[in-house]
Amino acid sequence: FKQVADEVARMRQPSQEQSRPYHEVLRASGPRSLSEIDIDEVLKLLPAPHLPAATFARSIGLHLKCSIGRILDRQAILLSPVWCLHHWMAGVFEYDGKNTSFTIYDSAPSHIVRTTVHQMMRRWWPALIVAWGDVPQQRRYSEDCGIFTIITLVAVACNFQIHYDNRLPDRVRQHLLTRHQLEPADFVAQLKHLCQTPRQETDAGAIVGSGPSQTTPDRGFWR
């Protein structure tokens, strides 16, 4: 894992915009798509190992496979944000003692993204079992793919079900403003509370429901 992290760090050259804390950018310019730095800031607080968010944006093939194998020898799951064609998805590696699987949760499914991911994984790791989990779809034309990625990976790491409504991404986006104001444990606890608490807000303009899926049985993190 350190080998992967070191290589990603060497190759990652964040822009001035990417290197600014999310709460500064949001206050200055309004909502935007989350960067790899924003996602890593949250994932490093969770009780499960994760790959750096930049991993799938870089060609590190063999290092990726070897490092994942070593981690899954000791851990039940490995979280992995997936960046493909300017789009974030949540990924979860699991090892059952015989085979390694990779389940991807995509809030804006498209044929070209799925084809690209399958081609990439076949090149890096031909024996890997790739599946697609069910997840509500984000609002059309929104920049919420990174938010859905964070919500899903937090639920997987902390093992709880998400009570989804159409305003949840907005509430989570606002909560990210508090990342450097709260203690890490309080930040995660409040994020979990946001995701687990049923709300009544609705948005007639949103597109909600499970997207088309070629999946293994759903892990059941979304309600």
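Predicted model: local features only at pLDDT ≥ 70, side-chain atom pairs only at ≥ 80, totals over all residues.

Select Val 156, which is buried, with a relative accessible area of 5%; buried means under 20% relative accessible area, exposed over 50%, and partly exposed in between, with a 1.4 Å probe and protein chains only. Val 156 lies in helix α7.

Residues are numbered from 1 along each chain as its sequence is written, and side-chain values use heavy atoms, with hydrogens and water left out.

**The whole chain**

Display the cartoon for the entire protein. It contains nine helices and four strands; helices (H or I, at least four residues) and strands (E, at least two) are DSSP runs, numbered from the N terminus. Read from the N terminus, the order of elements is α-α-α-α-α-β-β-β-α-β-α-α-α. Of the 223 residues, 50% count as buried. Among contacts (heavy atoms within 4.5 Å) with a separation of 6 or more, 71% come from residues 24 or more positions apart.

**Helices α4 and α7**

Select residues 36–43 and 145–158, which are helix α4 and helix α7 respectively. They pack at an angle of about 20°, and their axes are 11 Å apart. Axes here are lines fitted to C-alpha atoms, for helices over the stretch in contact, and angles run from 0 to 180 degrees between N-to-C directions. The two helices are therefore roughly parallel; that word applies to angles under 35 degrees, while over 145 counts as roughly antiparallel, 65 to 115 as roughly perpendicular and the rest as oblique.

Show side chains at the contact: Ile 39, Val 42 and Leu 43 belong to α4, and Gly 146, Ile 150, Leu 153 and Val 154 belong to α7. By class, the contact comprises six nonpolar, one polar and no charged residues. In this scheme Ala, Val, Leu, Ile, Met, Phe, Trp, Tyr, Cys and Pro count as nonpolar, Asp, Glu, Lys and Arg as charged, and the others, Gly among them, as polar.

Remain on α4 and colour by accessibility. Six of its eight residues are buried, so α4 is largely enclosed by the rest of the structure. The buried residues are Glu 36, Asp 38, Ile 39, Asp 40, Val 42 and Leu 43.

**The sheet**

Next, select the strands. They form an open sheet of four strands in the order β1-β2-β3-β4, with mixed pairing; two strands pair if DSSP finds at least two bridges between them. The edge strands are β1 (77–83) and β4, each pairing on one side only. From one strand to the next, the twist averages 25°.

Begin at β1, where six of the seven residues are buried. β1 and β2 run antiparallel and are joined by seven bridges, with Leu 79 partnered by Val 92 in β2. Four residues separate the two strands of this hairpin, and Leu 85 takes a positive phi near 55°.

Continue to strand β2 (residues 88–95), which pairs with β3 in the antiparallel sense over six bridges. Centre on Tyr 105 in β3: this residue is the bridge partner of Ala 90, and it also stands opposite Gly 133 in β4. Strand β3 (residues 100–105) pairs with β4 in the parallel sense over five bridges. In strand β4 (residues 129–133), four of the five residues are buried.

**Helices α8 and α9**

Finally, select residues 168–175 and 184–196, helix α8 and helix α9, whose axes come within 10 Å and cross at roughly 170°. That makes α8 roughly antiparallel to α9. From α8, Leu 168, Arg 171, Val 172 and His 175 meet Phe 187, Gln 190, Leu 191, Leu 194 and Cys 195 of α9. The residues of this contact divide into six nonpolar, two polar and one charged. Six of the eight residues of α8 are buried, including Pro 169 and Arg 173.
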